[in-house]
Amino acid sequence: MRSSIRITLLAVAMIAAPAAQRADAQFVDQSQNIANAFNASNHRVGQTFKPSATNVVGAGAFILNPSNSIFTALLSVELWAGGIANTPGAVLIASGTQSYTLAAHASGWVDAFWSAVTVTPGTTYFLDYGSTRDVARFGRFCCTKPIPSLAYVDGDLYRGNSSSFGTTYTEVAESDLTFREYAVTTTPEPATAALLATGLLGVFGIARRRKA
């Protein structure tokens, strides 16, 4: 009898294993949603931020097409730890790209994603943005000092000093990039939870029958 129960428990354990698999629920962790000015993208732009979540899966920016014609471009986003991009001690920990199309004088959010990377909440990280179309403009919220309640308090906007990668950056005082950063939370899969409950009921049923 004990041997049969042990075998059944092993089967339930195998059923329970998938319950460790989780369904990711994506959410915006940090953001600055106001754009009252725009930055040229022929220079890389970036934003420091402090995550509240323990992971980062992507980031986006608010982009404007100031030209008189439609264009398609590629947004690139890099996540750096330990400092501003390409500075001593800084480490590139994730990156992603996303193709986008904007009509003439249109604007909108563009997001790029990657596999989740672990981060430390409350620690400063750097998001580096670029577009393959130099005419593109990245939204920013400038001159935040008169209205500090609207500013993103855990970071600042940075502007690259050259159009190439691996350049220095200058902080733009009292400004924030119009950005958003994504994380995921995990929840148990309902189907696997139900399967586990069914397996446990089976174990208890076998034990009662053996006892009888």
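**Loops, rings and their labels**

Reply: Happy to, starting with a loop: H105 is found between β6 and β7 (107-118). Helices (H or I, at least four residues) and strands (E, at least two) are DSSP runs, numbered from the N terminus. This is a predicted model, in which local features need pLDDT of at least 70, side-chain atom pairs count only at pLDDT 80 or more, and totals for chains, interfaces and linings use all residues. Residues are numbered from 1 along each chain as its sequence is written, and side-chain values use heavy atoms, with hydrogens and water left out.

Me: What makes the phi of H105 worth a remark?

Reply: The phi of H105 is positive, about 60°, although H105 is not a glycine.

Me: Why is H105 called partly exposed?

Reply: Buried means under 20% relative accessible area, exposed over 50%, and partly exposed in between (1.4 Å probe, protein chains only). H105 has a relative accessible area of 49%, so it is partly exposed.

Me: And where is N86, and why does N86 count as partly exposed?

Reply: N86 sits in the loop between β5 (71-81) and β6 (91-102). Its relative accessibility is 38%, so N86 counts as partly exposed. N86 also has a positive phi, near 65°, in a residue other than glycine.

Me: On to the rings: how many aromatic pairs are there?

Reply: The count comes to ten aromatic pairs. The rule takes rings of Phe, Tyr and Trp (its six-membered ring) whose centres lie within 6.5 Å; planes under 30 degrees apart count as stacked, over 60 as edge-to-face and the rest as tilted.

Me: Why is the pair of F62 and W109 called edge-to-face?

Reply: The centres of F62 and W109 are 5.7 Å apart and their planes make 65°, which gives an edge-to-face pair. F62 lies in strand β4 (residues 55-64) and W109 in strand β7, so the pair ties together parts that are 47 residues apart in sequence.

Me: Are these two partners buried or partly exposed?

Reply: F62 is buried, at 19% relative accessible area, while W109 is partly exposed, at 29%.

Me: What makes F71 and Y100 an edge-to-face pair?

Reply: F71 and Y100 are 6.1 Å apart centre to centre, with 70° between the planes, so the pair is edge-to-face. This pair links distant parts of the chain, with F71 in strand β5 and Y100 in strand β6, 29 residues apart.

Me: How do you know whether F71 and Y100 are buried or exposed?

Reply: F71 has 2% relative accessibility, so F71 counts as buried. Y100, at 5%, is buried.
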